[in-house]
Amino acid sequence: MAEYQAPLRDIRFVLNETFAADQLWQSLPGLNGAIDAETADAMLEEAGKITSQIIAPLNRNGDEEGAQWNDGVVTTPAGFKQAYATYAEGGWVGLAGNPEYGGLGMPKALGVQVEEMVYGANSSFALYIALTAGSTLALDAHGSEELKQTYLPNMYAGTWAGTMCLTEPHAGTDLGIIRTRAVPQDDGSYSVTGTKIFITGGEHDLTENIIHLVLAKLPDAPAGPKGISLFLVPKFLVNEDGSLGERNAVSCGSIEHKMGIKGSATCVMNFDGARGYLIGELNKGLNAMFTMMNYERLSIGIQGIGCAEASYQSAVAYARERIQSRAPTGAVQPDKAADPIIVHPDVRRMLLTMKAMTEGSRAFSTYVGMQLDTSKFAEDEQIRKKGEDLVALLTPVAKAFFTDVGFDSCVHGQQVFGGHGYIREWGQEQLVRDVRIAQIYEGTNGIQALDLMGRKTVANGGAFFKVFADEIRQFIADNGAQPMAEFVQPLQAALDNLEQLTAEVIERSRANPNEVGAASVEYLHTFGYTAYAYMWARMAKAALAAVDNDSDGFYQAKLSTARFYFKRLLPRIHALSASVRAGSEVLFELDAAQF
């Protein structure tokens with residue numbers, strides 16, 4: 001099995017040549033002077049070493065040993081604690097954190113690259129980091145100054161970890177019916193009681209304290225989502241001098257036995273009158289939590305990219321070495337009993353599909369990261385608003401499309417191995433199991449599609465979509481001449497189709513609300529393939545500019561992969577669009593009893 005290696009060459013191409021991210025950073029007051037291309041490159045190099053040499057070797061052991069629960073105590077697999085300490089010592093946990101409280105303040109466009117490396121190396125390990133990063137984001141955005149001063153420095157340092165406690169046994173997507181209660185106390189704190197399930201990193205041995213962000217309702221809170229508040233509930237209470245005090249009334253009742261990500265502790269958490277502290281305003285907790293949720297949705301999307309990259313690396317290495325049958329055009333290695341399977345058209349189809357979709361995903365995650373940087377740091381209100389609109393529109397696409405195509409890529413990688421792909425020792429079956437959850441948690445991909453179609457498109461009459469479409473239109477107008485025509489022309493046709501499809505669903509939904517849900521999944525995939533066409537056109541432009549000095553064939557390979565994407569993958573939008581246009585009626589012909 002090939003060992004995971006951080007794809008630094010392609011990451012640098014996307015950041016520096018496709019998007020010139022350093023130019024954006026220099027234009028943003030909050031980042032100007034904090035980061036430049038050289039600093040970013042040095043950080044990526046170091047992250048590549050840590051993920052490839054320290055974290056990746058723990059992946060298989062983590063799967064086989066798993067997290068262990070014993071009378072409320074959870075231990076992570078061998079090596080996790082030491083690797084986490086090394087990662088934390090490098091400041092990586094607080095990479096994008098607020099510098100006022102000890103974070104490094106790095107841009108999100110850089111952060112997504114590091115996240116991909118960690119997920120590609122070891123998804124279970126990555127989740128402990130991702131939940132802490134997400135919880136610090138919510139705390140920094142909505143917490144009081146006292147809470148931020150008390151908790152953020154240690155969380156950014158990796159000394160304390162964070163969680164997100166939403167789901168209850170009876171309440172997953174519909175958080176308005178949660179039962180966890182928070183009762184006000186005389187000292188201004190709250191007594192939090194309830195049970196939360198599926199809590200990633202709810203209990204573990206990696207850090208000395210765990211800070212839970214918990215959704216709960218006051219006894220007199222309004223019904224439904226409008227009555228939800230957000231509370232900070234530490235595992236150990238914190239004394240006034242910052243030292244750890246007594247154990248809070250929060251415990252881990254059990255951990256789940258899962259299909260994959262077995263090294264990640266997925267916990268049942270019991271809050272039995274635990275002391276908690278309000279984050280933000282009463283009854284506005286869902287808004288505060290969504291600050292974290294949107295971060296986690298992009299992060300989980302990146303899990304799909306990381307796993308797909310790891311699968312691709314192994315599949316390519318295997319396809320070059322495994323000999324079976326002869327090439328259709330005759331022997332390629334006549335001195336051997338057979339040719340390597342990479343000569344066969346179907347194997348190349350699978351490998352090229354993996355390559356094209358993974359590299360397209362990497363470009364798109366970088367693009368979304370840049371919009372997050374713009375929405376956070378831009379001084380110009382119009383520029384900042386554009387970034388905010390694009391983040392709102394593209395977050396559900398990133399979460400769902402990255403993970404859908406990431407799962408498909410891992411299955412392709414397993415298929416390249418044939419029977420060996422089904423055997424544990426080769427690693428491909430673990431990747432299939434690990435990446436599968438990414439389509440489910442942080443809001444299932446069906447929910448993401450409904451968010452894109454309903455809230456982000458139909459509800460505003462396509463206003464967010466127009467922002468994205470106008471940008472693509474401008475790129476097409478600026479790059480329509482040769483040699484870009486072979487990429488720009490199909491991009492224009494795909495955008496025309498998506499614009500028309502968007503207008504059709506908006507119109508039909510006025511008469512029939514079912515049209516939104518019926519169209520949503522296929523619409524999101526049509527959107528995703530079209531967005532990747534934009535990414536591939538931008539990458540092709542960068543490759544064309546450098547292909548004359550192509551010493552290692554990198555740029556020619558990039559152009560060839562772009563051509564494969566436009567000719568063999570982008571046409572999928574036609575079948576998807578036909579499904580959208582078929583409408584909702586056929587979904588409702590059967591009565592429930594007829595299923």
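**Exercise 1: a pair in a helix**

Arg-60 has a relative accessibility of 39%, so it counts as partly exposed. Keep in mind that this is a predicted model.

Task: find out which residue's side chain meets that of Arg-60 in a salt bridge, and how exposed that partner is.

Solution: 
- Start with the contact: the partner is Glu-64, at 3.0 Å from N to O.
- Next, check the positions. Both sit in helix α4 (residues 59-65), and they are four residues apart, so about one helical turn separates them.
- Finally, look at the cover: Glu-64 has a relative accessible area of 41%, so it is partly exposed.

**Exercise 2: a pair in a loop**

Task: decide whether Asp-339 is buried or exposed, and locate its salt-bridge partner Arg-326.

Solution: 
- The side chains of Asp-339 and Arg-326 form a salt bridge, 3.0 Å from N to O.
- Both residues lie in the loop between α9 (285-321) and α10 (345-377), 13 residues apart.
- Buried means under 20% relative accessible area. Asp-339 comes out at 0%, so it is buried.
- Arg-326, at 32%, counts as partly exposed.

**Exercise 3: one more pair, then a network**

Task: work out how Arg-508 and Glu-515 are linked, and which residues salt bridges join into one network.

Solution: 
- Arg-508 and Glu-515 form a salt bridge, with their closest N and O atoms 2.9 Å apart.
- Arg-508 is partly exposed at 25%, while Glu-515 is buried at 3%.
- Shared partners tie Asp-10, Glu-116, Glu-309, Lys-355, Glu-359, Arg-362 and Lys-558 into one network.
- Across the whole structure, a search finds 31 salt bridges.

Methods. Residues numbered from 1 in each chain as written. Predicted model: local features only at pLDDT ≥ 70, side-chain atom pairs only at ≥ 80, totals over all residues. Heavy atoms only, no water. Salt bridge = Lys/Arg side-chain N within 4 Å of Asp/Glu carboxyl O. Helix = DSSP H or I, 4+ residues; strand = E, 2+ residues; numbered from the N terminus. Buried < 20%, exposed > 50% of the residue type's maximum accessible area, 1.4 Å probe, protein only.
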